[in-house]
Amino acid sequence: VQLQAFGGGLVEPGGSLRLSCEASGSIFSINTMSWYRQAPGKQRELVATISSYGTTHYADSVKGRFTISRENGKHMVFLQMNSLKPEGTAVYYCSSNARIIGSVSLHDYWGQGTQFTVSS
């Protein structure tokens, strides 16, 4: 399973940005899809996750400002980010918990990450 993230860049504080991620390959099904981020000098942290049924979970730091969504038919996940803060600057990674064709087990797969900077 390959994951390709799109949408990184430079945004001013208070601005908005939408990240997209598409999973491809021999996918049988995808359970959860998630966004993580890793700021310079910090550990990778979970930002948001969404189940195949649409149940969402957010880190406290982004609740009310970020919205995760997905298109199951296209194996895509999105992260709409509003009211952005400088501390949101990080490399953002998408991840999926998926089952490939011919397998009976679920595995976690990761994208390569996309850089996102919040600065004036």
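Because the model is predicted, local features need pLDDT of at least 70 and side-chain atom pairs count only at pLDDT 80 or more, while totals for chains, interfaces and linings use all residues. Residues are numbered from 1 along each chain as its sequence is written, and side-chain values use heavy atoms, with hydrogens and water left out.

**Stop 1: the disulfide**

Select C21 and C94. Their sulfur atoms are 2.0 Å apart and form a disulfide (a pair of cysteine sulfur atoms within 2.5 Å). The count by this rule is one disulfide. The link is right-handed, with 50° about the S-S bond. C21 belongs to strand β3 (residues 17–24) and C94 to strand β9, so the pair ties together parts 73 residues apart in sequence. Strands here are DSSP runs (E, at least two residues), numbered from the N terminus. C21 is buried at a relative accessible area of 0%, and C94 is buried at 1%. Buried means under 20% relative accessible area, exposed over 50% and partly exposed in between, with a 1.4 Å probe and protein chains only.

**Stop 2: Y36 and W110**

The structure holds two aromatic pairs. Rings of Phe, Tyr and Trp (its six-membered ring) pair if their centres lie within 6.5 Å; planes under 30 degrees apart count as stacked, over 60 as edge-to-face and the rest as tilted. Select Y36 and W110: this pair is tilted, at 4.8 Å centre to centre and 55° between the planes. Y36 sits in strand β4 (residues 27–38) and W110 in strand β10 (residues 107–110), so that the pair links distant parts of the chain, 74 residues apart. Y36 is partly exposed at 22% relative accessibility, and W110 is partly exposed at 38%.

**Stop 3: Y92 and F116**

Now select Y92 and F116. The ring centres are 5.4 Å apart and the planes stand at 65°, so this pair is edge-to-face. Y92 is in strand β9 (residues 90–100) and F116 in strand β11 (residues 114–118), so the pair ties together parts 24 residues apart in sequence. Y92 is buried at 0% relative accessibility; F116 is also buried, with a relative accessible area of 0%.

**Stop 4: charges over rings**

The charged end of R44 sits over the ring of W110, 4.8 Å from its centre. The criterion is NZ of Lys or CZ of Arg within 6 Å of the ring centre and within 35 degrees of the ring normal. Finally, select R99 and F28: R99 lies over the face of F28, 4.2 Å from the ring centre.

Note on methods
Helices (H or I, at least four residues) and strands (E, at least two) are DSSP runs, numbered from the N terminus.
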